[in-house]
Amino acid sequence: MTIVVLSRRNLLAAGGSVLATGVLTAGVSGLLLPARADGLAPTESMTGGANNYRKGAAIVDRIGKGGFWMSGTVRRAGDGAPLAGQRIQIWAHTVEGQEHEPQSHGATLTDKDGAFRLEMPQIIPIFGQPHGHLAYDSGEFKTVFLRPIMRSAKDTSLEAHFVLQPA
């Protein structure tokens with residue numbers, strides 16, 4: 001059995017030895033450096049996301065009579081900074097109209113924290129899937145279409161998040 005006695009002298013000698021070999025300064029990358037983010041990857045468009053898309057849908061306070069909330073965030077790829085003032089178009093098949101009809105479309109803008117929220121009629125299933133459609137299409141960043149599916153047709157809200165890559 002080995003007994004290690006740590007004294008101030010032993011501890012200082014061990015620390016100096018480690019520094020002399022460069023293990024802490026160069027041998028183990030990042031050991032003395034602060035944690036770094038690897039970067040936030042951009043969101044890829046989803047298959048079927050662009051179905052019934054209408055370029056230039058109007059910015060509205062609410063679509064139809066409301067009752068269902070679509071919300072999310074918009075961030076910049078890489079550093080994840082929130083993007084204010086970004087236009088997000090939303091549309092869906094609802095109790096008030098089918099997703100190809102103009103009254104089922106509307107757009108909103110993100111706030112200073114990159115968050116958006118728009119009330120719309122209750123989404124109902126089409127082809128067996130209750131889902132919404134969202135698009136970023138303003139040009140400063142690459143266009144992204146999303147088609148998130150709800151867990152249940154009884155859900156009264158749905159979230160979708162965008163990470164945008166400069167165009």
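Reply: We take the secondary structure, then the surface, then two residues. This is a predicted model, where local features need pLDDT of at least 70, side-chain atom pairs count only at pLDDT 80 or more, and totals for chains, interfaces and linings use all residues. Residues are numbered from 1 along each chain as its sequence is written, and side-chain values use heavy atoms, with hydrogens and water left out.

Me: How many helices and strands does the chain have?

Reply: Helices (H or I, at least four residues) and strands (E, at least two) are DSSP runs, numbered from the N terminus. Here there are two helices and seven strands. Their order along the sequence is α-α-β-β-β-β-β-β-β.

Me: What share of the contacts joins residues 24 or more positions apart?

Reply: A contact means heavy atoms within 4.5 Å. Among contacts with a separation of 6 or more, the share is 72%.

Me: What percentage of the residues is buried?

Reply: Buried means under 20% relative accessible area, exposed over 50%, partly exposed in between (1.4 Å probe, protein chains only). Of the 167 residues in the chain, 37% are buried. Accessible areas come from the Shrake-Rupley method. The chain's total is about 10,200 Å², with 55% belonging to carbon and sulfur atoms.

Me: Where does Asn52 lie?

Reply: Asn52 sits in the loop between helix H2 (23-27) and strand E1 (68-76). Its phi is positive, about 65°, although Asn52 is not a glycine. Asn52 is partly exposed, at 33% relative accessibility.

Me: Is Phe127 buried or exposed?

Reply: Phe127 is exposed, with a relative accessible area of 80%. Its loop runs between strand E4 (115-120) and strand E5 (132-136). Phe127 has a positive phi of about 55°, yet is not a glycine.

Key. Accessible areas come from the Shrake-Rupley method with a 1.4 Å probe; for residues, only the protein chains shown count as cover.
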